[in-house]
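Please read this briefing alongside the sequence and the structure displayed below.

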Amino acid sequence: MTVAPQFQFKDGILHAEDLSLTQLADTYGTPLYVYSRQALHDAWLAYQQAARGRDVLVCYGMKANSNLAVLNEFRQLGSGFDIVSGGELARVLAIGGDPSRIVFSGVGKQVWEMKAALDAGVKCFNVESEAELQRLSDVAVEVGKVAPVSLRVNPDVDAHTHPYISTGLKENKFGIDIEKAPEAYQLATKLPGLQIVGLDCHIGSQITEVAPYLDALDKLIVLIKALAEQGVKLKHLDLGGGIGIRYTDETPLSPTDLLDRVFETLAENKLDHLQIVLEPGRSLVGNAGVLLTTVQYLKHNDSKNFAIVDAAMNDLIRPTLYDAWHSVEAVKPRSTNAATPLYDVVGPICESGDWLARDRKLALESGDRLAIMSAGAYAFTMSSHYNTRPRAAEIMVDGDQAHVVRPRETLESLFQDESILP
Ligand code: LLP
């Protein structure tokens, strides 16, 4: 059993749904991202079932994977989108996404991005500072619109995750200190270009327990009651994203674990009229994708064995950036024994930080294919051209059909817009 049900061994070969990864690698080359359509649908279903028919708007945190094919699956399933840039807005509009199901997050929104979102008619701006409130109001007045806003508050809770992806602590750059939130809401009521619609928080990513969410929720409820006393009424409560996935042996909370407790707590506090908004990214796509790679060379020195593969940190930066663990499966495993060595799986990039996995027991030969698992989230979207490496192709598998949803970049395309001095 691998970490994802849609990626299983059949006749000794790892498959994506009904297609052999060996065949996909032969046909499309490596490195190659392979996504499972069914896995996206299953992940979505977990949120839909957790909603129990109540007013829950899931806005896919599309920074995790913004390929148009992925976005379009979620649009068809009824998802909204959590965007963080004018670029992400353009992607949602390109697939015909409904702007009234878009929330616009992010700590540094620029004027052109605010204008584009106002023009499109997004559901809400999640505002992160008083300076941003002021700017948004000015921009809205200038274009003759009223901007719907939520304040993103920072509840100062520890999400127990990697420091780079923890966002709900006082020391982080995100959100408005929850103690100062009533003042910021008062400011928002006075600004002519704004209409208050909600309250927002996002405490971090790859969260595995429900407790940090409930700690945050308790603090948000105190704030909602204080705001009501000041006459500020909210329509929705956005709890952000952050639900973790299984990379190795984690047992993360499920959407049901979270929403059941949220519904219960809101009911106890007579707040169940509030619409709940969620912004999950990783939990919708992370285990729906793998990164396929081919072993180029095996290299052994006194203390280490290296499998040098054709994927690299430019394709998947998570291991070196966060010390993240991704399972590595041989697509067609050879038998292992006590003498099978431990390999560091590394790429060809000229950096010692260019590694994908460390100390993995693998029986390998040059030419073997490996699948780096759980590469559906924060993999392609964080990729780069470092070392003038074209970005890998992306394939979406649907049963026994493979669709190229982004072709491999050509070398020429990497520098076609550059020019030399006369
Ligand atoms: N909402 C906001 C405001 C966010 O900042 C994020 C992620 C999400 C939603 C979605 O969070 P998720 O459900 O995916 O945890 N590159 C890192 C993760 C960075 C997350 C940034 N914000 C990684 O590869 O682990």
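**Cysteines and a parallel strand region**

The sulfur of Cys59 lies 9.2 Å from the closest cysteine sulfur, that of Cys124, which is too far for a bond. This is a predicted model, in which local features need pLDDT of at least 70 and side-chain atom pairs count only at pLDDT 80 or more, while totals for chains, interfaces and linings use all residues. Residues are numbered from 1 along each chain as its sequence is written, and side-chain values use heavy atoms, with hydrogens and water left out.

**Cysteines**
- The structure holds zero disulfides, a disulfide being a pair of cysteine sulfur atoms within 2.5 Å.
- Cys59 counts as buried because its relative accessibility is 0%, whereas Cys350 is exposed, with a relative accessible area of 65% (buried means under 20% relative accessible area, exposed over 50%, partly exposed in between, with a 1.4 Å probe and protein chains only).

**Strand 6 and its neighbours**
- Strand 6 (residues 80-83) is covered on both faces, with Gly80 and Asp82 buried on one side and Phe81 and Ile83 buried on the other; helices (H or I, at least four residues) and strands (E, at least two) are DSSP runs, numbered from the N terminus.
- Strand 5 (residues 56-61) runs parallel to strand 6 and is joined to it by three bridges, where pairing requires that DSSP finds at least two bridges between two strands.
- Gly61 stands opposite Asp82 in strand 6.
- Strand 6 also pairs with strand 7 (residues 102-104) in the parallel sense, over three bridges, and Ile83 stands opposite Phe104 in strand 7.
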